[in-house]
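Subject: Structure handover and findings

Hello,

Here is the structure we spoke about. Please open it alongside this note, which goes through the findings one by one.

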Amino acid sequence: MIAKAVQWIGMRPRQEDAYTVRFYPDGVLALVCDGMGGHHDGALASTLVVEAFQRSFEKHMDMPVTRRMYHALEVANETIRRTFERRSVYGGTTLLAAWVGGGVLRWVSVGDTALYVWRNGRLLRMNQDHSYRDMYRSYIGSGLTPQEALRRGHVLRAAVTGEPLDLVDAPSIPYPLLPGDRIILTSDGAENILAPETLNHVGRAILNNREGSLPVEIVEACKALNDPYADNTTIVCIDV
């Protein structure tokens, strides 16, 4: 397996995304967290969650992987609660943790950070989208375009804030992988390039290109859009 990652600040004043990629004897762990813009200390929240999740994951190597990831999520959520309570501030972050090992993909996620698999010319969304995009997607064809649906549905229904975690996507059955699969974790800054509903020839060409660095090419395509409201973008790619 080969893993690559890149970040871009976009047009925002600060980078609120955080990520890590860790190799272990039996697999690869990748995390992407998107700090909640509009809240105090979103950057701190994403960094704290990545660090706390990784520490807990590595501390309990005897647990089954999915249980270990869920436990690490709970530890990270409690870390946010304690830290922000002590500082008398409020913040939050999405969390997507993906494990690739033993020929399968496992994940735990909260929020709208996307997990995709690119396979045989199809971009498959693997994890749940804990935002209101699904509601707006239902309006496509009755007045809304796919681009408008994505843009209007950004508001989150779930995030890691230290409060009880009501929406968590953590399937008990892993997803079998095939040789040639490309696993992509991305914050929502790249959705104009990668969303399955709006994937065009530019996105397909990038995903099919095995010569360069996929995360770098996606970020360059985001920059080329010249969007004055471009969000922070973080992309991790694992090639099987």
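A word on terms before the findings: helices (H or I, at least four residues) and strands (E, at least two) are DSSP runs, numbered from the N terminus. This is a predicted model, where local features need pLDDT of at least 70, side-chain atom pairs count only at pLDDT 80 or more, and totals for chains, interfaces and linings use all residues. Residues are numbered from 1 along each chain as its sequence is written, and side-chain values use heavy atoms, with hydrogens and water left out.

Met-11

Start with Met-11. Its place is the loop between strand 1 (2–8) and strand 2. Met-11 is partly exposed, at 47% relative accessible area. On that scale, buried means under 20%, exposed means over 50%, and partly exposed is in between (1.4 Å probe, protein chains only). Which residues does Met-11 touch, leaving out those up to four places away in sequence? They are Asp-227, Pro-228, Tyr-229 and Ala-230. Contact here means heavy atoms within 4.5 Å. Met-11 and Lys-223 are 212 residues apart along the chain, yet their C-alpha atoms are separated by 9.7 Å.

Salt bridges

Next, the charged pairs. A salt bridge is a side-chain nitrogen of Lys or Arg within 4 Å of a carboxyl oxygen of Asp or Glu. The count by this rule is 10.

One of them joins Arg-22 and Glu-58, with the closest N and O atoms 3.3 Å apart. Arg-22 lies in strand 2 (residues 17–24) and Glu-58 in helix 1 (residues 42–59), so this pair ties together parts that are 36 residues apart in sequence. Arg-22 is partly exposed at 33%. Glu-58 is partly exposed as well, at 30%.

Helix 2 (residues 65–87) holds another pair, Arg-82 and Glu-78, which sit four residues apart, about one helical turn. Their closest N and O atoms are 3.9 Å apart. Arg-82 is partly exposed at 43%, and Glu-78 is partly exposed at 29%.

Glu-85 and Arg-81 also form a salt bridge, at 3.3 Å from N to O. Both lie in helix 2, again four residues apart. Glu-85 is exposed, with 56% relative accessible area. Arg-81 counts as partly exposed, at 31%. How are Glu-78, Arg-81, Arg-82 and Glu-85 linked? They belong to a network of salt bridges.

Asn-77

Helix 2 also contains Asn-77. Asn-77 is buried, at 7% relative accessible area. Beyond residues up to four places away in sequence, Asn-77 touches Val-160, Thr-161, Gly-162, Glu-163 and Leu-165.

Nonpolar cores

Last, the interior. A nonpolar core is a set of buried Ala, Val, Leu, Ile, Met, Phe, Trp, Tyr and Cys residues joined through side-chain atoms within 4.5 Å. The largest one has 26 residues. Leu-29, Phe-53, Met-69 and Leu-95 touch the most other members. Strand 2, strand 3 (27–34), helix 1, helix 2, strand 4 (95–101) and strand 5 (104–110) each give two or more residues to this core.

Leu-29 has contacts with Phe-53 and Met-69, among others. Its list also includes Thr-20, Val-21, Phe-57 and Trp-99, with residues up to four places away in sequence not counted.

There is a second, separate core of 21 residues. Trp-8, Trp-118, Ala-190 and Leu-207 are among them.

Best wishes
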